[in-house]
Amino acid sequence: MKRSGSATTRTSTNGQSSRSGYHASSRGYNYIEGSAAHKLQTEPAKKQKKVQRRPAKRQKVKAAPMNMGYIAVMVIALVIVCCVLIGYIRIQSDITNHVTNISKLESQLNEMRLANDETYTKIMSSIDLEEIKRIAVSELGMKYAKEGQVIQYTGEGNDYVRQYSDIPD
């Protein structure tokens, strides 16, 4: 490709000529920067021959041979995983059984408390304190305490007091 004008031709160390304003690309085309660009001349396209392709025979992929050690390791791993899963399922089942048992016991406890409260209410409503007072005073000879007969005693955190001797007057 020759160009007329002020552009000068230079030869590089690899034997290609380059002109100022031209750049060599990776395809071997010369580009001109600016408004004085020429059309690129490319190599004519090669005529493609129509070749009938036969379908490629598929090659069988051979599996890697398994030796006995590999199979043994896989079987041991499978057994360990199965044991762990069975243990996990048993623990889950035990937890579920305990939760249902606890809920049953709690419901029984609530029923017993309700029955106990009802019985206590019936007993307390059936007691006639006036009748008890009348029987204690008239039939058993009990008397009310006079002043000075009542002695206050403070315990030291015990639930009950044991008396080992008479209380002094």
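Trainee: Is Met66 buried or exposed?
Mentor: Met66 is exposed, at a relative accessible area of 59%. Buried stands for under 20% relative accessible area, exposed for over 50%, and partly exposed for in between (1.4 Å probe, protein chains only). Keep in mind that this is a predicted model, where local features need pLDDT of at least 70, side-chain atom pairs count only at pLDDT 80 or more, and totals for chains, interfaces and linings use all residues. Residues are numbered from 1 along each chain as its sequence is written, and side-chain values use heavy atoms, with hydrogens and water left out.

Trainee: Thanks! Where is Met66 in the chain?
Mentor: Met66 sits in the loop between strand S4 (30-32) and helix H1 (68-126). Helices (H or I, at least four residues) and strands (E, at least two) are DSSP runs, numbered from the N terminus.

Trainee: OK, zooming out. What order do the elements run in?
Mentor: From the N terminus, they go β-β-β-β-α-α, giving 2 helices and 4 strands. Of the 169 residues, 3% count as buried. The chain exposes about 17800 Å², with 56% of that supplied by carbon and sulfur atoms.

Trainee: New topic: how many salt bridges are there?
Mentor: The whole structure has 1 salt bridge, meaning a side-chain nitrogen of Lys or Arg within 4 Å of a carboxyl oxygen of Asp or Glu. Arg134 and Glu131 make it, at 2.5 Å from N to O. Both are in helix H2 (residues 129-139), 3 residues apart, about one turn of the helix. Arg134 is partly exposed at 41%, and Glu131 is partly exposed at 33%.

Trainee: And how many disulfides?
Mentor: There are 0 disulfides, a disulfide being a pair of cysteine sulfur atoms within 2.5 Å.

Trainee: Last one: what's the average pLDDT?
Mentor: The chain averages 77, and 64% of the residues score at least 70; pLDDT is the predictor's confidence in each residue, from 0 to 100. Over residues 1-14 pLDDT stays under 50, and residues 16-25 also stay under 50.

Methods:
Accessible areas come from the Shrake-Rupley method with a 1.4 Å probe; for residues, only the protein chains shown count as cover. Contact means heavy atoms within 4.5 Å.
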